[in-house]
Amino acid sequence: MKAQAPTAYGQGLSSQARNLHWLLTNLVDEVPGIHSVAVVSSDGLLLLSSDPGRAEAAARPGGGDGPRGSSADLATIVSGLGSLTQGAAKLMDAGTVKQTMVTMDEGSLFVMSISDGSLLGVHTTPDCDMSGIAYHMALFVGRAGHVLTPELRSELRKSMESPQ
């Protein structure tokens with residue numbers, strides 16, 4: 001199942017926010033094997049998603065029982081994994097965590113630091129090209145990191161909370 005790229009989602013946003021949506025759409029459309037993508041703030045809030053409709057439904061009261069694997073679920077997992085690996089790196093005096101990869105029987109999860117504690121999480125198929133996924137994630141991070149300001153993060157958070 002291919003992740004859904006945002007279409008009408010992102011309308012009415014600043015040009016920087018629309019550019020990040022375009023980058024996410026490009027990542028989803030151009031890289032085979034991606035199930036879903038989430039960009040998460042340092043405090044664990046979903047900023048961008050490859051499936052904003054399901055993230056919105058899961059955020060509504062009573063909507064917490066949404067489908068497994070939704071963007072809200074991915075954001076929670078990415079945030080937790082990011083926190084765990086950052087704690088491990090601190091205990092080991094190993095510096096900053098740049099990327100984490102978890103391989104499972106039925107897929108993989110990649111988490112990459114963007115900036116300021118923000119994270120990019122990608123859930124993939126088991127047969128994906130892992131080096132290709134990591135390469136395209138690094139491109140996204142390189143392009144998104146310098147524009148992901150506190151103001152833009154706030155705008156993206158609000159856009160995820162408001163009905164589309």
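In this predicted model, five strands make an open sheet in the order β2-β1-β5-β4-β3, and their pairing is antiparallel. The edge strands are β2 and β3, since each pairs on one side only. From one strand to the next, the twist averages 15°.

Two helices pack on this sheet. Helix α1 touches β1, β2 and β5, and its direction makes about 155° with that of β1. Helix α4 touches β1, β2, β3, β4 and β5, and its direction makes about 30° with that of β4.

**Strand pairs around β4**

Strands of a sheet pair through backbone hydrogen bonds, either parallel or antiparallel. Strand β4 takes part in two of the pairings here, one with β3 and one with β5. The table sets them side by side.

| Strand pair | Sense | Bridges | Residues between the strands |
|---|---|---|---|
| β3 and β4 | antiparallel | six bridges | two residues |
| β4 and β5 | antiparallel | six bridges | five residues |

Both pairs are hairpins. In the turn between β4 and β5, D116 has a positive phi of about 55°.

Q99 has M112 of β4 as its bridge partner. M112 also has a partner in β5, namely L120. F110 is bridged to V122 of β5.

How enclosed is β4 by the rest of the structure? Largely enclosed, because six of its seven residues are buried.

**A residue in β5**

T124 is found in strand β5. Is T124 buried or exposed? Its relative accessibility is 0%, so T124 counts as buried; the cut-off for buried is under 20%. Leaving aside residues up to four places away in sequence, T124 touches G33, I34, H35, E106, G107, S108, F110 and I133. F110, one of these contacts, is the residue whose bridge partner in β5 is V122. I133, another of them, is among the buried residues of α4.

**The two helices**

Two packed helices are described by the angle between their axes and the distance between the axes. Helix α1 covers residues 15–30, and helix α4 covers residues 130–144. They pack at an angle of about 175°, and their axes are 11 Å apart. That angle is over 145°, so α1 is roughly antiparallel to α4.

Which residues of α1 and α4 meet? From α1 come L20, L23, L24 and L27. From α4 come H136, M137, F140, R143 and A144. This contact is made of seven nonpolar residues, one polar and one charged. An α-helix has 3.6 residues a turn, so residues three or four places apart point the same way.

How far apart are the end C-alpha atoms of α4? They are 21 Å apart.

The buried residues of α4 are G132, I133, A134, M137, F140, V141 and A144. M137, F140 and A144 also meet α1. What covers the buried residues of α4? The cover includes helix α1 and the strands β1 (34–40), β2 (46–49), β3 (99–104), β4 (107–113) and β5 (119–124).

Key: Residues numbered from 1 in each chain as written. Predicted model: local features only at pLDDT ≥ 70, side-chain atom pairs only at ≥ 80, totals over all residues. Heavy atoms only, no water. Axes fitted to C-alpha atoms, helices over the stretch in contact; angles between N-to-C directions. Helix = DSSP H or I, 4+ residues; strand = E, 2+ residues; numbered from the N terminus. Parallel < 35°, antiparallel > 145°, perpendicular 65-115°, else oblique. Contact = heavy atoms within 4.5 Å. Nonpolar A, V, L, I, M, F, W, Y, C, P; charged D, E, K, R; others polar. Expected span 1.5 Å × (residues − 1). Buried < 20%, exposed > 50% of the residue type's maximum accessible area, 1.4 Å probe, protein only. Pairing = 2+ DSSP bridges.
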